[in-house]
Amino acid sequence: MTALRGRVSQVVEVNVGTAGGGESDAELWHRLRSADEDAFRDLFLRHSTAVYNFCFRRTASWSVAEDATQATFASLWRRASGGDIDPLKLESARPALLTMARNECSNANRSRNRHLQLVDRVRAESGESVDNTAAWVEAESTMALIRQALAVLPANQRDVVELVAWSGLSLADVATALKISVGTVKSRLSRARARLARSELAGLLENHNEA
Amino acid sequence: MRLELPPERRLPNPEWMVERILTERSATAGAPPAARTWWLSGLVAAAVLITAAVIGWAALVPTGRPQVGAAPETAAATAGPSRVGSPTAGPSEISPAPTSAATGPEKPATVPPTTLVPVPTRAASTATEPKSSAAGPETSAASPTPSPAETSTEERSAEPPLTTTVPIGVRVQAPYLDLTASGTMTGGDVYAILVETCVRSLPPNASSELLLSRTSWTLSTSAGTVTTDAPITDPITLPSAYPGEGRYGIGDCATGWIPFAVTPDTAVLAISYRDSLGANVKWNPNT
């Protein structure tokens with residue numbers, strides 16, 4: 001089993017669209033533009049884990065990722081409250097959210113001091129069960145190594161790797177979210193794959209959705 | 001060596017996080033920003049001042065002599081609108097007061113005075129105490145320091161929310177709340193405080209509950225103010241944690257320990273509580 005399959009199989013949240021009989025992302029987004037709290041709540045519960053894991057892969061820190069996730073959605077809600085949200089161009093809100101999260105992850109990474117480690121601490125203190133601490137510390141170490149290896153790529157190629165290969169977005173969705181052509185996405189991914197072909201990251205670019 | 005992506009994790013407490021985002025934004029939207037309130041108050045005050053000046057000038061011209069009494073009247077007139085305009089903050093949502101000194105506009109004009117009540121023992125606080133303390137405000141006479149209740153209304157209205165500094169272990173009757181800091185604990189880079197916030201009454205127009213937040217509590221140290229957001233690298237185990245945020249009705253209390261990140265060479269000078277309803281209290285942990 002490759003790492004990517006392992007990752008996808010562990011996605012626990014409901015995916016986009018009308019799965020489960022709920023409203024589509026497009027419908028929720030439309031209501032969100034009118035600052036509808038329920039729509040925001042549904043979008044959050046639907047996509048927050050994807051944003052959280054995306055941020056973790058960009059920051060190699062669970063707690064910074066948690067902070068960045070909150071910042072991403074807080075920013076979204078702030079914009080919704082101010083009537084400052086563009087219409088959704090895709091069926092899924094996830095590409096737009098991950099694109100927004102890129103900036104928040106960078107900000108959070110630059111100022112790690114402001115993240116809320118207390119959340120994890122208080123949860124542990126109150127007796128609530130938490131993940132195996134050693135496992136997620138190891139995950140952070142592994143992710144830090146991956147980030148280090150990925151640093152050989154230009155930022156625009158890293159973005160494509162993170163969005164397509166690691167987050168499972170389609171080339172078309174990434175192209176729309178990044179406001180570039182599908183061909184550009186494809187070429188960046190191809191160059192990244194060629195650059196990393198002999199590295200320890202080669203396996204991380206094998207499986208992705210190129211639909 | 002081939003690296004593999006670590007497995008995904010579920011976001012911890014998503015329901016809590018989304019409600020926090022919505023609540024924070026609602027609180028911000030519901031209460032006019034302090035700066036805006038100040039600005040409006042200043043505008044009204046300026047208008048009144050100009051009007052008074054014109055009237056004073058008009059009165060001065062016919063008589064040809066100065067009107068000594070005009071100045072105090074003008075001052076009084078300017079103070080009025082500033083206070084009336086201020087209590088528009090959402091009464092049911094308490095938010096931590098900004099760390100800057102400009103907290104005046106957030107204080108409702110009708111806030112009850114802050115009084116002090118000694119706490120007999122550290123473990124004596126219970127959820128039922130706020131009701132009893134609310135029924136007996138005269139207990140403020142037992143305060144170890146001069147009670148703010150003795151301060152005249154005029155004096156209080158000219159000042160930002162009253163700052164009270166008391167020894168640790170003293171319960172303070174702040175506007176609508178009973179506040180207690182009764183214990184401290186240190187270990188590693190953590191300085192923890194044992195505190196209790198009880199809802200004694202509700203502001204006018206409030207719903208049945210107040211939103212209490214852990215972030216209202218801060219530490220004043222020799223290195224500056226430390227908030228609950230500061231990351232802690234070496235956690236210690238605490239007996240019971242103070243809730244992060246929650247809604248509380250009259251008689252309800254939020255109780256527990258709050259950890260702060262403090263370097264070992266930093267001296268803790270005060271435990272502080274501030275909120276948008278006018279509470280501004282400090283406990284001296286070194287007494």
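Contact here means heavy atoms within 4.5 Å, and pLDDT is the predictor's confidence in each residue, from 0 to 100. The structure is a predicted model, so local features need pLDDT of at least 70 and side-chain atom pairs count only at pLDDT 80 or more, while totals for chains, interfaces and linings use all residues. Residues are numbered from 1 along each chain as its sequence is written, chains are lettered from A and ligands numbered from 1 in the order in which they are written, and side-chain values use heavy atoms, with hydrogens and water left out.

On confidence, the model scores ipTM 0.77 and pTM 0.46. Chain B averages a pLDDT of 67, and 57% of its residues score at least 70. Helices (H or I, at least four residues) and strands (E, at least two) are DSSP runs, numbered from the N terminus. Within chain B, helix α3 (residues 70–85) has the lowest confidence, with a mean of 33, and strand β7 (residues 217–221) the highest, at 93.

Next comes chain A, with 10 helices and 0 strands. Of its 211 residues, 52% count as buried, meaning under 20% relative accessible area, against exposed at over 50% and partly exposed in between (1.4 Å probe, protein chains only). Among contacts in chain A with a separation of 6 or more, 71% are between residues 24 or more positions apart. The accessible surface of chain A is about 9300 Å², with 48% of that belonging to carbon and sulfur atoms; such areas come from the Shrake-Rupley method with a 1.4 Å probe, and for residues only the protein chains shown count as cover.

A few residues of chain A can be picked out. Gln157(A) sits in helix α8 (residues 155–166) of chain A and counts as buried because its relative accessibility is 8%. Leaving aside residues up to four places away in sequence, Gln157(A) touches Arg188(A), Arg191(A) and Ala192(A). Cys55(A) is buried too, at 0% relative accessibility, and so is Cys105(A), at 1%.

As for disulfides (pairs of cysteine sulfur atoms within 2.5 Å), the whole structure has 1 over all chains. Cys198(B) and Cys253(B) form a disulfide with their sulfur atoms 2.0 Å apart. Cys198(B) lies in strand β5 (residues 190–199) of chain B and Cys253(B) in strand β10 (residues 253–261) of chain B, so the pair ties together parts 55 residues apart in sequence. The torsion about the S-S bond is about 110 degrees, so this disulfide is right-handed. Both Cys198(B) and Cys253(B) are buried.
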